[in-house]
Amino acid sequence: MTAPSSSITTRKGGRWIEQWDPEDEAFWKETGEKVARRNLFFSVLSEHIGFSIWTLWSVMVLFMGPEYGLTPADKFFIISMATLVGAIVRVPYTFAVARFGGRNWTIIAASMLLVPTIAAFVVMEPGTSFGTFLVCAMLAGVGGGNFASSMTNINSFFPLRKKGWALGLNAGGGNIGVPVVQLIGLAVIGASGGPRLLLGIYIPLIVVAAVLGALYMDNITSVKNDTGAAREAVKDPHTWIMSFLYIGTFGSFIGYSFAFGLVLQTQFGRTPLESAYVTFIGPLLGSLIRPVGGWLADKYGGARITLWNFVGMGAATAVIVVASMEKSLALFTTAFIVLFVLSGLGNGSTYKMIPGIFQAKAAAKGLTGEEAASYGRRLSGASMGLIGAVGAVGGLGINLAFRQSFLSVGSGTGAFLAFLAFYAACFGVTWAVYLRRPAASESPATPASEAKTQLSYAEV
């Protein structure tokens, strides 16, 4: 059998790949892998900067001293709104890839990052109203959408056997945008520079990302918005179950990324520079380990890794509660960083589960070969944007929980107790849905195909 060739033609609107079949091993070795890796690299670059702009205000609030007239509750609300918008825009960004093409949308999405960055550059000074800061933070939320479009795009480029690694690397490279903007903020604060210097660094980087995307990325003609798949994904309970679990992993990562420095300042009286010295460490390690979570999921099964990861997250959170009550900064910071690492690991393993779940459903339906692969791609692609959006809403919940906890008891202890209960619920759901092997006599009315699907989920 002759492998199909990848033909890239020039059309109005950019570079388009006419034929794309990554599941064909001959095609993948001859042409596909090289093209997929190139698109992955430049997708990561754009998504990386998008994450930096999305979490920009986690750094900006460190610059905002008493002269800005904002309370800690005001600052938590500002970063909460950036988190909220970043979650909401993930849904339309997911469908934009098929509407405009992955390359074309990368150019548009990267260029849109100039709006919140320039707006913040203009208004960032004492005397600006709380409402103005709030609007600028909400504009920065568009950076959160880059994740959804990037993941949807890269999901189309790689075969199922490589998705855990590719999606983990893509997401991890994007997530690193969080600690990078915090590191640059640390350098600016350490050099006694102002927030406008930080913003001035990012404006040209955004332009570079858009230009490189235009020069080196591709669109895939066969990627289309499948409204039928979208409706089916919305109706499928696994879409919502995975959304719940993703709140526990990615929601934790992005929520803590926004809040870490502000919690250190508010609860332990750290200065902006002292906070910035450690704020970046957790997001950095959590980002770097995300591909490892995908790799472990490829090797041992995403459900197994996710289950034990929630055990670890619960244990780290319990230590944080003790440290918070004992007012131990060293223990608090160490346990918080461990929690970041585990949230990153879980990000990789939960996202790997998505295509595996729908592939298992395809097998249970009796589908094989390309028909099964096509079904898995349709449903997993349609569900990823929604799962990513709902997961990001977890970041909003974390920041609002911190805000309420500090208003009520003057520390983050109450919020961490709530997070501990949620991780326990995530553990229970993962075990009950994807790992519990039902006895044959437990439900005699259950069709054989459904029983087979439930048993196979342990391998996702």
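## Aromatic pairs

Within the predicted model, the count of aromatic pairs comes to 38. Among them is the pair of Phe51 and Phe147, whose ring centres are 6.0 Å apart and whose planes stand at 85°, so that the pair is classed as edge-to-face.

Because Phe253 lies in helix 13 (residues 237-268) and Phe340 in helix 18 (residues 329-364), the pair ties together parts that are 87 residues apart in sequence. Phe253 and Phe340 are both buried.

## The loop residue Ser411

Ser411 sits in the loop between helix 19 (369-409) and helix 20 (413-435). Ser411 counts as buried because its relative accessible area is 15%, which falls under the 20% cut-off. The side chain of Ser411 makes a polar contact, at 3.1 Å, with the side chain of Thr413, and when neighbours within four places in sequence are left aside, Ser411 is in contact with Gln267, Ser324, Ser405 and Phe406.

## A nonpolar surface patch

On the surface, Val207, Val211, Leu215 and Tyr216 form a nonpolar patch that together has about 340 Å² of accessible area. Val207, one of these residues, is located in helix 11 (residues 195-216) and is partly exposed, with a relative accessible area of 41%.

Note on methods:
Residues are numbered from 1 along each chain as its sequence is written. This is a predicted model: local features need pLDDT of at least 70, side-chain atom pairs count only at pLDDT 80 or more; totals for chains, interfaces and linings use all residues. Side-chain values use heavy atoms; hydrogens and water are left out. Patches are made of residues with over 30% relative accessible area and no salt bridge: like charges are joined within 9 Å, nonpolar side chains (Val, Leu, Ile, Met, Phe, Trp, Tyr) within 5 Å. Accessible areas come from the Shrake-Rupley method with a 1.4 Å probe; for residues, only the protein chains shown count as cover. A salt bridge is a side-chain nitrogen of Lys or Arg within 4 Å of a carboxyl oxygen of Asp or Glu. Helices (H or I, at least four residues) and strands (E, at least two) are DSSP runs, numbered from the N terminus. Buried means under 20% relative accessible area, exposed over 50%, partly exposed in between (1.4 Å probe, protein chains only). A polar contact is a pair of N or O atoms within 3.5 Å; within protein, one must be able to donate a hydrogen and the other to accept it, and residues adjacent in sequence count only if both atoms are side-chain atoms. Contact means heavy atoms within 4.5 Å. Rings of Phe, Tyr and Trp (its six-membered ring) pair if their centres lie within 6.5 Å; planes under 30 degrees apart count as stacked, over 60 as edge-to-face and the rest as tilted.
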